[in-house]
Amino acid sequence: MASSAKSFLADAGYGEQELDANSALMELDKGLRSGKLGEQCEAVVRFPRLFQKYPFPILINSAFLKLADVFRVGNNFLRLCVLKVTQQSEKHLEKILNVDEFVKRVFSVIHSNDPVARAITLRMLGSMASIIPERKNAHHSIRQSLDSHDNVEVEAAIFAAANFSAQSKDFAVGICNKISEMIQGLATPVDLKLKLIPILQHMHHDASLASSSRQLLQQLVTSYPSTKMVIVTLHTFTLLAASSLVDIPKQIQLLLQYLKNDPRKAVKRLAIQDLKLLANKTPHTWSRENIQALCESALHTPYDSLKMGMLSVLSTLSGTIAIKQYFSSAPGTAATTARSFDLVKLAQECCYHTNRGIAAHGVRILTNISASCQDKDLLPLEQDAVFGLEALLVLCSQDDSPGAQATLKITLTCMVKLVKCHPHLSQSVVESLLTQLQSAQDNARILMCHCLAAIAMQLPVLADGILGDLMDLYKLIGQSATDKKQELLVSLATVIFVSSQKALSTEIKTVIKQQLENASNGWTAYRIARQASRMGNHDMARELYQSLLTQVASEHFYFWLNSLKEFSHAEQCLTGLQEDNYSSALSCIAEALKSYHKGIASLTAASTPLNPLSFQCGFVKLRIDLLQAFSQLICTCNSLKTSPPPAIATTIAMTSGNDLQRCGRISNQMKHSMEEFRNLATRYGDLYQSSFDADSATLRNVELQQQSCLLISHAIEALILDPESASFQEYSSNGTAHVESEYERRMMSVFNHVLEEVESLNRKYAPVSYLHTACLCNAVIALLKVPLSFQRYFFQKLQSTSIKLALSPSPRNPAEPIAVQNNQQLALKVEGVVQHGSKPGLFRKIQSVCLNVSSVLQSKSGQDYKIPIDNMTNEMEQRVEPHNDYFSTQFLLNFVILGTHNITVESSVIDSNGIVWKTGPKTTIFVKSLEDPYSQQVRLQQQQGQPPSQQQQQRTAYSRF
């Protein structure tokens, strides 16, 4: 857990000291030219690391050409090394610019007399199929080698044929008959047939090809009934159907037929495995009859392993659309009760099975049915699911084996899902969890604490009475210092923080700190402090951060902890706010701002070039500005008392025609305040857009901050500035929206309360009175009284995505401009590489990259000419889809005006939902636009008073074209 949950400061990203790409390539080239075989091999196997570090075409092209040379002249071991490098670096192959030259050097070895060399070459060609799918000489060599008498060469030809069939329709059509003849031929050995059959899974390029392949496989299944042949043929059949899509229902029936009728366990197991594959890929193609047939097979099989496999398929289907099709009454039949369905009978029968895995699938099916079919009368099923889950919980919590832990995870996931869909079951589920927590094994306790926290985040089910039991358990655990105990301390502390939603009592704080001092390391204390910050228990967090300050090894870590301590202290200051006491509110905000300013200074000191902490700094700066805006708003409201409207305010309002003037100077101040809150909301929106790697809870938190700014600006407008046209429709809350955390629940209730107050005041009184200003001040205090939650992304980065851009032409020196003549266009090529951390696409994936190119004239040189406004700036945008994490595109730019232009290329990312994220980076180059020589010559002649010659005039006329 600790390894996956890296701190921001420890996560250095891609921070190795970058050497020059050319010198790295030269170093490896030196190894390739060495006379010693060992050094050559070492140089070859280091190429994938080079490609990973410098993933741009210019280097990859040179490197692959060098490898192709080694392949051409080296021995078979070196060729094998080059083959492995090519297979490892498959995603970089499309960046080879001189494909013909590369293929020519590799292909020359196919004419060797050594069958092993030919075999390695065939495998090399197969590995390159994605970039040379239609090379006829490669197709011909593969066909020839399939007839070879050398087994190694034939196997290599089969590998190449499979790869080319997947990429090229022409090759697949051409090779299909050849493969068919070989498979049906009596001279072909059985083991070779078994290797040839899987090639047919790639024959899905058109309907006729897929149909002929299916017929051949159908013949094979009946002609060769041996176990191995049936298994390979059926699996190929499934993969072909999954790719061609049209034959999936037929394939499901065929597999169910084999599952029911074939007595061999190996064939039944394969049928189950393929049914699982089709259940995951296309659950909507499963008919009611298919599910019914699978249920019957599961009910009648005497083997536990097969029953478990079938239940695994059914539990996959139960979480999809297929389950609704199963429960919808067939036309012409009377509606039956849920209990009479075979699937339900099977699940109920399996819930208490002696085999844990079968029982887990049984309760999962019941949970999914009661969650997805809520319109049906399924009350008995809910109870069955709860009882089954409780029985499994008791069974697995006492067992420390990996199998029991896996089953327990499934059980707890089902519990969370069931409680989410049926909140009335939460009390009994939580009680059973708390009862088992006392006697369970440590591994199980950790998982159970996670489950309790997940349920309590959604529903406030943990009462204060439970805290005593939790604290007793906490004291008990704290006496040991093993790794599992440390993990359990963190999990249990999280549950305690969630259950005591209000401030922690001093007794609880003392117990937690005592146990941490007795038996824990600093990392455990930090993780508990982090959880306290997330749950809004800032006083506890501050004390823990304070105790950790002297236990860290570097000053960056010291400054990071110091900043967290200051932020916790600042938020703690805001808990003392009271309604209608505005002077104390101002002093509390001032105190909080003081700590925040100390904290931001410390946070800036904690950042490094490799880890700039940009999200944290942005979030904290916005919080500081928001607190200042709140403070300013309270002062503005107080100014109605200190500086009320003058006596002539009504006259001024009438003469100026602006009714707001009768309120005096407060109207202008409120206008500024409203603009400030709107500006803050925009900045929160920008922070949201720049946080592509953030988890959903962090993004929701930023969104809530933005909504609080919009709420206050709307309240100012509705109460004071424009009460006539204020609309409350768009701000009305939708009560059906699912709330994910206690923080969100409290914020939403404050939003609704403030809107109700503003709406009632708006209808009753004209602006501006003390009631209006009191309403605004109370809204500010209500928002600040909800303790701020510092979410996961503030501490941890679970997903890491960055884009690296390369522009060409690019100057040798970044400050040096690129020279371009003003009558020519500059072709700017933008290449980019998407780099990922250890968990790519955990929260969201990149669908396409949006590149924006703009140019600005920095300094003019020469005379001013009258030039159309269109030619003065360049503003272009293109969207490109990365392929294998690489993208490239080109822009044509005009620089008609002489002088130095600044070109900025900015990238942003579009995810699979079409949302734009401003991730950066932003790259800048300079271009110097020079006058073309001929225009310069003509201009100089005109300045000297000489009319241009006849020949020059003629040239000018033609130069336009």
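Helix α24 gives the most to the lining of the second largest pocket, with six residues. Here, helices (H or I, at least four residues) and strands (E, at least two) are DSSP runs, numbered from the N terminus. Welcome to a short tour of a predicted model, in which local features need pLDDT of at least 70 and side-chain atom pairs count only at pLDDT 80 or more, while totals for chains, interfaces and linings use all residues. Residues are numbered from 1 along each chain as its sequence is written, and side-chain values use heavy atoms, with hydrogens and water left out.

**The chain as a whole**

- The chain holds 40 helices and nine strands.
- Of its 961 residues, 51% are buried, where buried means under 20% relative accessible area, exposed over 50%, and partly exposed in between (1.4 Å probe, protein chains only).
- Among contacts with a separation of 6 or more, 74% come from residues 24 or more positions apart; a contact means heavy atoms within 4.5 Å.

**The second largest pocket**

- This pocket contains about 1,200 Å³ of space.
- On a 1 Å grid over the protein atoms alone, a pocket is an open set of points with protein on both sides within 12 Å along at least five of seven lines, a cavity is a set where a 1.4 Å probe fits but cannot get out, and lining residues have an atom within 4 Å of a point.
- Grid points are joined across faces, edges and corners, and a volume is the space filled by probe spheres set on the points.
- Its lining has 37 residues, and A454, M457, R534, A697 and R792 are the ones nearest the centre.
- Two or more lining residues come from each of α22 (402-421), α24 (442-458), α26, α28 (522-535), α35 and α36.
- By class, this lining has 16 nonpolar, 11 polar and 10 charged residues; Ala, Val, Leu, Ile, Met, Phe, Trp, Tyr, Cys and Pro count as nonpolar, Asp, Glu, Lys and Arg as charged, and the others, Gly among them, as polar.

- Two cavities of 30 Å³ or more turn up in a search of the whole structure.
- The largest cavity has about 60 Å³ of space, and its lining consists of R623, L626, F630, Q705, S708, Y743, M747, L783, L784, V786 and L788.
- Helices α32 (614-642), α35 (696-721), α36 (742-764) and α37 (770-785) each give two or more residues to the lining of the largest cavity, and α32 has the largest share with three.
- Eight nonpolar, two polar and one charged residue make up the lining of the largest cavity.
- For the second largest cavity, the volume is about 30 Å³, and the residues around it are F615, F619, T698, N701, F790, Q791 and F794.
- Here the elements giving two or more lining residues are α32 and α35.
- The lining of the second largest cavity divides into four nonpolar and three polar residues, with no charged ones.

**A buried lysine**

- K485 sits in helix α26 (residues 483-499) and is buried, at a relative accessible area of 17%.
- The side chains of K485 and D442 are joined by a polar contact of 3.0 Å.
- A polar contact is a pair of N or O atoms within 3.5 Å; within protein, one must be able to donate a hydrogen and the other to accept it, and residues adjacent in sequence count only if both atoms are side-chain atoms.

**Backbone details to check in your viewer**

- S808 and P809 are joined by a cis peptide bond with omega about 0°, and P809 is in the loop between β1 (801-808) and β2 (818-821).
- Another cis peptide bond runs from G920 to P921, with omega near 0°; P921 lies in the loop between β8 (916-917) and β9 (922-930).
- L613, a residue other than glycine, has a positive phi near 50°.
- The loop between α31 (582-606) and α32 holds L613, which is buried at 2% relative accessible area.
- D885 is not a glycine either, yet its phi is positive at about 65°.
- D885 lies in the loop between β5 (874-880) and β6 (886-894) and counts as partly exposed, at 22% relative accessibility.

**One side of α2**

- In helix α2 (residues 37-45), the buried residues are Q40, C41, A43 and V44.
- These residues cover an arc of only 160° around the axis, so they are on the same side of α2; the arc is that of the directions from the helix axis to the C-beta atoms.
- The cover over the buried residues of α2 includes α1 (21-32), α3 (47-53), α4 (57-73) and α5 (76-88).
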